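Here are my notes on this one, for when you have it open on your screen. Have a look at the structure first, then go through the points.

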Amino acid sequence: MAKVELRDLTKIYGNNTVVDHINLEVEDGTLVSVLGPSGCGKTTTLRMIAGFEMPEDGDVLFDGQSVGKVAVNKRNIGMVFQSYALFPHMTVAQNVAYGLEQHAVPKQEIPGRVQEALEMVHMEDYAKRKPKQLSGGQQQRVALARALVIRPRVLLLDECLSALDKKLRVEMQSELRRILEETKVTTFFVTHDQEEAMTLSDRIVVMRDGIVEQTGTPFEVYERPASRFVAGFLGKANFIERDGKTYAVRPEKVKIGEEGTQGARKTGVISSLVYSGNLTTCTVDCGDMEILAEISHIDGAKRFERGDRVSAVWSDDAEILLEEAEA
Amino acid sequence: MKKQRHILSRIFIILVILFLYVPIFVLMLLGFNESRYNSLPFKFTTQWYEEMIANEALLSAAKNSLLLALVTGIICTVLATLFILGQRYLSRRTSGLFNSIVMMPMSIPWLIMGLSILLMIRSMDFTKNMAFVLAGHVIISLPYALLVLRARMSSLDKSLEEMSASLGAGPLTTFRRVTLPAIAPAMVAGGFLAFMISFDNFAISYFLIPNGVTTLPIEIQTSIKFGFTPEINAISTVIIVFSLVILLIVGIIMRSNLKDMLGGKK
Ligand SMILES: Nc1ncnc2c1ncn2[C@@H]1O[C@H](COP(=O)(O)OP(=O)(O)O)[C@@H](O)[C@H]1O
Ligand SMILES: [Mg+2]
């Protein structure tokens, strides 16, 4: 368990700067999600922390000490890949024991630690199975047990839930949350799924094209996105241009009323209504732009139809000022 | 109509299978037939097997072939494994280039291959010896071993080795405990194919073999020149059974992987 710092961490492939002078400080025991679209350099960053890739510039520090020159097998990290990468010729128990053997844990202690780790992920009944005989979700758990059993200083998870189906993924998310709270290991969780990042993490690092766009708690990055990119990537947003500045307004903060409602910000025609159970997403065509509004059904009746002329209303503090001048 | 097509396709499949196996079956059967000229009617005897066991020349040829094939198989397994492991650290282009170079002997007729090695030996004033025969066998068998190994090793996930490293294992431990077990079935399969190619080879051996030494294919060819005896059927049957037994053993080693191995899939 360690505090992790990235200082000007940079990776260049050919003339393609994949990770560009990233700076980051992660307190001991924190769960950080690294979130960004595919190809933005998340995996590469993780692999540099692990030591699989050598940075062109910058450094990685565990507890204030550089691990730049420390080989992967001496860094004491736990990893879970998207493919799980369980050793196919070993049983579940052997897979979990492998890391303990490498860390010279006394032989008589190993079975107990393996059992303990398997219990933590509820896989103790499968100890004698081969990975092939397990479902994706079960393999996932074993991979996690294998990574955690060595009590790593840092846990690195690369899209490790992406291969699971939606229901299982949600289940594993809360499971993961529970396990990581138990073990209190500093965790980097790479994902391109913003919902997953929001529900799981203490902090979110939003990446884009090899740079960090914003770092903050899930609340901060959602409620106070620094850029148009962050606002758009974490949920939906309406972008309002005014006085040369850009504001983001979340659709759930937009209210729809009869045309001419008091305090109307925009007026237009409803061009689509998408009903999704707990709310209806309403698109209002205002001529120069479209406004997205999510209407919850607290008051029951669905009052508007496609083609209705309506006004969109929102309060001043629903407007988030975005920093950049970028279009 | 549909039913007819169904029957027709079965007939085709049976015809192909007959085409493949009738000659072998006849050969095996006639090894137990009394007639010296492989003529009918069939009368059971084990005479030809007795004569075969007494035939020193045939047995020593068989021993040479076995030894040669065994060494070829081992050398090819080691070379092919090293080659493929090494290739993973090259760029795509370089690795592709090297690949074409080692696979080349596969598209050169063995006859030409044997001849060219012979010419080389002659022009450099070497005398023929078994080392050249072995070298020739390795050259022609290696591409096949590589083919089988690669087909299976494409499934060797680099992430397994990375995982091993992240769990604290050094490169040697990783190789011994993760890489080797993962590729062992492929190595056995590749080595087995190389063994078979070598054991079966006539052309290369014929050109390069030193005087007074024979291999089984050469011995069989020679003895046929002086008249075909059912002894040949007997030895052929032994070879077939021997191959099947090896196949079975390999199959057991690789358990469910036998099917994949024969199909060359991962
Ligand atoms: N070994 C490599 N050689 C060249 N380019 C690479 C290599 N690995 C990754 N890249 C490139 O780096 C960029 C970032 O990749 P990656 O870190 O895997 O993104 P992410 O995990 O965010 O999807 C991609 O454009 C990818 O093509
Ligand atoms: Mg990735």
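The points below cover the ground rules, chain A, and then chain B.

1. Ground rules. This is a predicted model, so local features need pLDDT of at least 70 and side-chain atom pairs count only at pLDDT 80 or more, while totals for chains, interfaces and linings use all residues. Residues are numbered from 1 along each chain as its sequence is written, chains are lettered from A and ligands numbered from 1 in the order in which they are written, and side-chain values use heavy atoms, with hydrogens and water left out.

2. A covered helix in chain A. Take helix α1 of chain A, residues 42–50; helices (H or I, at least four residues) and strands (E, at least two) are DSSP runs, numbered from the N terminus. Eight of its nine residues are buried, where buried means under 20% relative accessible area, exposed over 50%, and partly exposed in between (1.4 Å probe, protein chains only). Among the buried ones are A:K42 and A:R47, along with A:L46, A:M48 and A:I49. After α1(A) comes A:G51, with a positive phi near 100°.

3. A salt bridge here is a side-chain nitrogen of Lys or Arg within 4 Å of a carboxyl oxygen of Asp or Glu, and the count over all chains is 25. One of them pairs A:R169 with A:E196, with 3.7 Å between the closest N and O atoms. A:R169 sits in α5 (166–183) of chain A and A:E196 in α6 (194–200) of chain A, so the pair ties together parts 27 residues apart in sequence. Both A:R169 and A:E196 are buried.

4. Within α5 of chain A, A:E182 and A:R178 are four residues apart, about one turn of the helix, and their side chains meet in a salt bridge at 2.9 Å, N to O. A:R178 counts as partly exposed, at 28% relative accessibility. Salt bridges that share partners join A:R141, A:E175, A:R178 and A:E182 into one network. Elsewhere, A:R208 and A:E213 form a salt bridge at 3.6 Å, N to O, and A:R208 is partly exposed at 23% relative accessibility.

5. Which residues other than glycine have a positive phi? A:D8 is one, with phi near 50°, and A:E159 is another, with phi near 45°. A:D8 is in strand β1 (residues 4–13) of chain A and is partly exposed at 36% relative accessibility. A:E159 lies in the loop between β7 (154–158) and α5 of chain A, and at 11% relative accessibility A:E159 counts as buried.

6. A pocket lined by chain B. The second largest pocket has a volume of about 590 Å³. A pocket is an open set of points on a 1 Å grid over the protein atoms alone where a 1.4 Å probe fits, with protein on both sides within 12 Å along at least five of seven lines; lining residues have an atom within 4 Å of a point. Of its 16 lining residues, the closest to the centre are B:M196, B:D200, B:I239, B:I240 and B:S243. The largest share of the lining, five residues, comes from α11(B).

7. A helix at the chain B surface. B:L18 lies in helix α1 (residues 2–30) of chain B and is partly exposed, with a relative accessible area of 43%.

Terms used
Points joined across faces, edges and corners; volume = space filled by probe spheres on them.
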